[in-house]
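Please open the model in a viewer and keep the selection panel at hand.

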Amino acid sequence: MKVKKVISALLVTTMTAALLAGCGGSGGGAEAPAPATEDSAQAEAPAPADSEEAPEVEEQVLKVAAFEGGYGADMWSEVVAAFEASHPGVTVELTIDKKLEDVISPSMKAGDYPDVVHLATGREAALTETLTKENALLPLTDVLEMTVPGEDVKVKDKIIPGFLDTLATNPYGDGVTYYAPMFYSPCGLFYNAGLFKEKGWDVPTTWSEMWALGDTAAADGIALFTYPTTGYFDAFTYAALASAGGSDFFDSCMTYEDGIWESADATKVFELVGTLAGYTEATTVANANNDNFTKNQQLILDNKAIFCPNGTWLPGEMADAPRADGFEWGFMALPAVNDGGAGCSFCWFEQMWIPAAAQNQDMAKEFVAYMYSDEAAQIFAKSTAIQPIAGVSDYLEGDNKMFYSIYDNGATAVMGGFAATAPVEGVNMLDTLCGTVNSIVSGDKTVAQWQAAVEEASDKLRAAME
């Protein structure tokens, strides 16, 4: 399941000292040489002077809190050990939990903050968004100018172009980075490629072809679509919006432009989801929650549904699940909304940030910079957590090479998210936009009601946008 959150110049340097060697006798005075004899023609060699002791390395404790998602916890322990080995004197206190917000929020309310937090936006608890709205994060822009620890390249030059020019890293839209991009995942539609081979089906490239496939599959008792939870409709909707109206239209949606959600392009997307609701597997809504979401993901492994929106962590998350004979992972971008247009894949990535109240900010920046080292990237890649750095494909094999080639196969990459706003009581844009999908699928709400509610929430947030 998707686990859907900095800065002044670096002051920390590695302290070293050279050993100074000197000539002369012990005690600082020169001893008279021993008298020469027949058996001794050489003078006694001078004793080395006392060596200057190297200064002690300052002991530091860095508190790191990391979300334990589908990639597991072991990779964090290994990365922390490697960081400690390369930074003598630094001890990392690591907190890892699947419900990280519940673990760290009480301490934060008491004034005890982690130094570094890995926690993405888009989660139900919205801790990252809350701190952003409260201006409680440290800017990370100067971290981008730091040299990656152990390497000779700046952080900004290591990160794949495009990841730093988005509201998902610069939440206030002012060009200042507050979220460091972490583990990226092209999002799209997963399916059983083996089923397509068995049935002789073609992978659809347009929504018209999708509906036709849905009708064909229904005759075999197979639904066209399912989804883990409605939270996955952020990536789905973002990609559909960009496909419907282009990047400028997408940015207007993300910044609450007046009337944007009532536009013709937005209407295409709302109606598309409304049609897709009729092709959704019947048990999906009942299991679309944090406790049972894997049951929905299991539907595509059992050939009970064809497509499921997700990110590249899905195969790892379902690695031990049973599956139909001949099952083979397939992955595709969302078909183009407009005839002749491009299919789109939202590139979702996680975020790391430093609380403005962190006590050890300088070393926190060093830790963030280390996340983009080859050493850290290779450790993460073993758990299929892929860092957005140049050359990362060198670490990939098998299905991952297929997943991360989606943009090489004609899909347009979409990145970003909603602009930060001051808190508005009773308004949660993602809940209104995505959470309502369950009600559309169940028939409790109409598409028109949904669209009107999204526009209303957008109006309220536009006035509060910072």
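Are H1 and H12 roughly parallel, roughly antiparallel, roughly perpendicular or oblique to each other? The model on display is a predicted one. Begin by selecting helix H12, residues 361-370, together with H1. Their axes lie 11 Å apart and form an angle of about 120°. Angles from 65 to 115 degrees count as roughly perpendicular and those over 145 as roughly antiparallel; H1 and H12 are therefore oblique to each other. The crossing of this pair is right-handed.

Next, show the side chains where the two helices meet. On the H1 side, select Val79, Ala82, Phe83 and Ser86; on the H12 side, select Met363, Glu366, Phe367 and Tyr370. By class, this contact comprises six nonpolar residues, one polar and one charged.

For the contact itself, select Met75, Trp76, Glu78, Val79 and Ala82 in H1. Their partners in H13 are Glu375, Ala376, Ile379 and Phe380. Seven residues of this contact are nonpolar and two are charged, with no polar residue.

Finally, turn to the second largest cavity, which has a volume of about 40 Å³. To display its lining, select Leu140, Val143, Leu144, Ile159, Thr177, Ala180, Pro181, Val368 and Tyr372. Eight of the lining residues are nonpolar and one is polar, while none is charged.

Note on methods: Residues numbered from 1 in each chain as written. Predicted model: local features only at pLDDT ≥ 70, side-chain atom pairs only at ≥ 80, totals over all residues. Heavy atoms only, no water. Contact = heavy atoms within 4.5 Å. Helix = DSSP H or I, 4+ residues; strand = E, 2+ residues; numbered from the N terminus. Nonpolar A, V, L, I, M, F, W, Y, C, P; charged D, E, K, R; others polar. 1 Å grid on protein atoms, 1.4 Å probe; cavity = no way out; pocket = protein on both sides within 12 Å on 5 of 7 lines; lining within 4 Å. Points joined across faces, edges and corners; volume = space filled by probe spheres on them. Axes fitted to C-alpha atoms, helices over the stretch in contact; angles between N-to-C directions. Parallel < 35°, antiparallel > 145°, perpendicular 65-115°, else oblique. Left-handed = near helix turned anticlockwise from the far one by under 90°.
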